[in-house]
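We'll walk through it together, one piece at a time.

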Amino acid sequence: MPANRVLYMLCLSAVIGCLLLLYSHFNTPVPSTPIGKVVQIPTPLGLPPVPIPADNPPTAETIALGRLLYYDAALSVDNTVSCATCHNPQLGFTDGKRVSNGVGGKNGVRNSPTVLNSAYFTLQFWDGRAPNLEKQSEGPVANPVEMAHSLKGVVQRLSQEPNYVSRFEKAFGPGPLTYEKVEKCIASFERTMLSGNSAFDRYYYGHDQTAMTPSQIHGLDVFRDPRKGNCESCHQIGEKYALFTDNRFHNIGIGFVNGETTDPGRYLVTRNIRETGAFRTPTLRNVELTAPYMHDGSLKDLKQVMDFYIGAGSSNPYLDKEIHSLDFLSRQERDDLLEFMKALTGSIPANVGPPETAASLVVQ
Ligand code: HEC
Ligand code: HEC
């Protein structure tokens with residue numbers, strides 16, 4: 001190839017390279033960060049400090065906006081369903097149903113977990129498909145059997161609401177309302193939805209021997225002992241705090257009919273055959289308030305959960321090795337274990353209920 005031709009090709013690729021760089025520069029959205037004073041989220045007895053992502057420090061403005069959005073049915077396509085429809089403060093932030101109903105009463109496929117303490121999960125959803133609370137909130141908005149809307153549709157609707165527009169500008173500075181800002185606010189509000197200081201916490205971390213009944217104290221022993229309930233191997237209790245989850249995925253034998261799974265769970269995310277029917281260990285905090293239980297809502301009360309574990313679940317090839325029959329537990333031990341779970345009902349912060357819409361929509 002003649003030298004001038006080579007030079008020409010080199011120059012041309014340099015120019016194209018520069019143009020591509022410029023294009024990507026102007027097309028990469030600049031992340032929005034809250035501009036207000038960062039607030040410290042108080043944690044109740046028994047819980048560790050809340051993990052906070054570097055690009056979304058909580059501020060009074062974003063938390064308050066998140067609370068408004070959480071209770072606002074405008075997020076759903078026909079203004080009928082809010083986050084609180086399925087994560088209702090009256091029901092321990094669940095919906096009390098076997099599986100959730102979204103827009104038009106359509107049936108979902110899984111049971112609604114509590115939002116309380118979800119800030120501590122390292123991955124969100126029963127199958128861990130969302131990496132954090134910010135991304136989690138994109139799921140229900142766009143899910144056809146939940147809010148059946150689109151992220152764009154939500155942004156368009158909120159942008160027509162002057163109160164929202166000015167509140168978002170107060171929280172993030174001037175600029176368009178984006179779904180990134182919406183999800184950051186919802187996530188910051190969720191990071192304040194913490195529940196601890198239960199009878200268990202007062203007994204175990206507060207050293208108040210009278211906080212739990214003798215039956216609950218005995219139930220805690222059964223819960224922890226690897227040769228008895230062995231529950232703690234997954235529903236973990238730490239030295240300084242307890243999340244009652246290991247943040248890992250296990251197949252405990254729920255949702256199998258004749259050895260066939262009705263929901264592949266974690267397998268859908270990782271495509272690892274060994275994770276067929278595995279779901280993330282749920283927290284047991286406030287478990288008394290969050291019936292029915294399990295990812296498919298198939299167990300209607302704590303008594304049924306106890307009977308399930310006594311019988312070691314449905315046998316299947318991927319059953320976790322920590323799950324085995326507990327039929328050797330005495331009647332007393334079974335009763336005490338159930339009583340212990342009732343000691344996990346904690347306090348709920350006063351400012352996570354529905355905002356007084358009219359008043360809070362007024363821009364101060
Ligand atoms: C129609 C009912 C419904 C609506 C509306 C809904 N959710 Fe959920 N939510 C669920 C169900 C069901 C799951 C579990 C789904 C799964 O794991 O596949 C879930 C999971 C979650 C989780 C994960 C918790 C965990 O244990 O991993 C969080 C957090 C959450 N929702 C918050 C929200 C927020 C915020 C909104 C509003 C933007 C919302 N949800 C709207 C039903 C709903
Ligand atoms: C191998 C780990 C593991 C062990 C051991 C274990 N669990 Fe679980 N637990 C889980 C997982 C995973 C789920 C959710 C399973 C599903 O939905 O498919 C769960 C669900 C539950 C639920 C329902 C919670 C809800 O919100 O739906 C309760 C209650 C519970 N476990 C109590 C116990 C008790 C009591 C013991 C001891 C007898 C125990 N667990 C032992 C992993 C474990």
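First, some housekeeping. This is a predicted model, where local features need pLDDT of at least 70, side-chain atom pairs count only at pLDDT 80 or more, and totals for chains, interfaces and linings use all residues. Residues are numbered from 1 along each chain as its sequence is written, while chains are lettered from A and ligands numbered from 1 in the order in which they are written.

Let's start with the domains. The chain is split into domain 1 (60–194) and domain 2 (199–344), with bounds that come from an automatic or database domain assignment. Taken over C-alpha atoms, the centres of domain 1 and domain 2 are 28 Å apart. Where they touch, domain 1 brings 22 residues and domain 2 brings 22 residues; two residues are in contact here if their C-beta atoms, placed from the backbone, lie within 7 Å. On the side of domain 1 that touches domain 2, there are nine nonpolar, eight polar and five charged residues. In this sorting, Ala, Val, Leu, Ile, Met, Phe, Trp, Tyr, Cys and Pro count as nonpolar, Asp, Glu, Lys and Arg as charged, and the others, Gly among them, as polar.

Now for the ligands. Which residues are closest to ligand 1? They are Cys83, Cys86, Phe125, Trp126 and Pro140, out of 28 residues that surround ligand 1. To count as near, a residue needs its C-beta atom, placed from the backbone, within 6 Å of the molecule. Helix 3 (83–86), helix 4 (133–136) and helix 5 (138–142) each supply at least two residues of this shell, and helix 3 gives the most, with three residues. Helices (H or I, at least four residues) and strands (E, at least two) are DSSP runs, numbered from the N terminus. By class, the shell around ligand 1 has 15 nonpolar, ten polar and three charged residues.

Ligand 2 is surrounded by 24 residues, and the closest are Cys231, Cys234, Ile254, Tyr293 and His295. The shell around ligand 2 divides into 14 nonpolar, eight polar and two charged residues.

On to helix packing. Two packed helices are described by the angle between their axes and the distance between the axes. The axes are lines fitted to C-alpha atoms, for helices over the stretch in contact, and angles run from 0 to 180 degrees between N-to-C directions.

Take helix 10 (residues 214–224) and helix 13: their axes come within 7 Å and cross at roughly 100 degrees. The two helices are therefore roughly perpendicular to each other. For the naming, angles under 35 degrees count as roughly parallel, over 145 as roughly antiparallel, 65 to 115 as roughly perpendicular and the rest as oblique. Among the residues that meet are Leu220 and Phe223 in helix 10 and Leu337 and Phe340 in helix 13. This contact of helix 10 with helix 13 holds five nonpolar, four polar and four charged residues.

Helix 13 (residues 331–341) also meets helix 12 (residues 302–310), with axes that come within 10 Å and cross at roughly 130 degrees. That makes helix 12 oblique to helix 13. Their contact involves Leu302, Lys303, Met306 and Ile310 of helix 12, along with Arg334, Leu337, Leu338 and Met341 of helix 13. Those residues divide into six nonpolar, no polar and two charged.

Finally, the backbone. Most residues other than glycine have a negative phi, and most peptide bonds are trans. Asparagine 117 has a positive phi of about 65 degrees although it is not a glycine, and asparagine 117 sits in the loop between helix 3 and helix 4. The peptide bond from alanine 291 to proline 292 is cis, with omega near -10 degrees. You'll find proline 292 in the loop between strand 4 (279–280) and helix 12.
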